[in-house]
Amino acid sequence: MTFPAEITLSVALASSSVASRAASPTATYIFDATRQTRQQLQKSRYLGLGSDVFNELLEVFEKSKQSGWDGDSAEPVSQETFLNAFRFLESLPLGVQAPSVGVEPDGHVTLEWYKAPRHTLSVSVSPEGFLYYSALMGLRKTNGSEPFFGDAPKIILELVGKIYAE
């Protein structure tokens, strides 16, 4: 099932509690124009993630928003988790490799960057807005958690870069 990026985008924007951080009409216009331009660029397969990852996120959300979605006792993915994952994807810099999208039995959304068995990064997005990450780069392992306030944490961006640089 494929969902147009416009549907995915409108769901996230309509559910967003923060419409703008701008104060004056000019600042609001600049904020909105910048956001719209960035969203268009993010859909680009060359500069952005492409619409596939947003469609994949929406599809995963739709399939797992009921308790027991795994045929057992998995927690549902909440709207808050979906929106946090969506916003995190939107916050990634242009040109970053798109992750694959999955869901965990605890209801968190997982974003995974995979190059090889020993070059992988997994980021788990919680409904509370925390990003839990774990990376394996050769023989080196690293993990931790970061709060998500709208900008992709520097440590996660550095790890994504290292996955594909080696």
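## Fold and composition

Helices are DSSP runs of H or I spanning at least four residues, numbered from the N terminus. In this predicted model, the protein contains five helices and five strands. Read from the N terminus, the order is α-α-α-α-β-β-β-β-β-α.

## Burial and contacts

The protein has 166 residues, of which 37% count as buried. Of the contacts between residues at least 6 apart in sequence, 51% join residues at least 24 apart.

Three salt bridges are found in the whole structure. One of them joins the side chains of Glu59 and Lys63, at 3.2 Å from N to O. Both residues lie in helix H3 (residues 51–63), and because they are four residues apart there, about one helical turn separates them. Glu59 is partly exposed at 21% relative accessibility, whereas Lys63 is exposed at 62%.

Helix H5 (residues 154–165) holds Lys154 and Glu158, four residues apart and so separated by about one helical turn. These two residues form a salt bridge, with 3.9 Å between the closest N and O atoms. Lys154 counts as exposed, with a relative accessibility of 63%, while Glu158 is partly exposed at 36%.

## The Glu62–Lys65 pair

Glu62 and Lys65 also form a salt bridge, and their closest N and O atoms are 3.2 Å apart. Glu62 is partly exposed, at 38% relative accessible area. Lys65 is partly exposed as well, at 33%.

Technical notes. Residues numbered from 1 in each chain as written. Predicted model: local features only at pLDDT ≥ 70, side-chain atom pairs only at ≥ 80, totals over all residues. Heavy atoms only, no water. Helix = DSSP H or I, 4+ residues; strand = E, 2+ residues; numbered from the N terminus. Buried < 20%, exposed > 50% of the residue type's maximum accessible area, 1.4 Å probe, protein only. Contact = heavy atoms within 4.5 Å. Salt bridge = Lys/Arg side-chain N within 4 Å of Asp/Glu carboxyl O.
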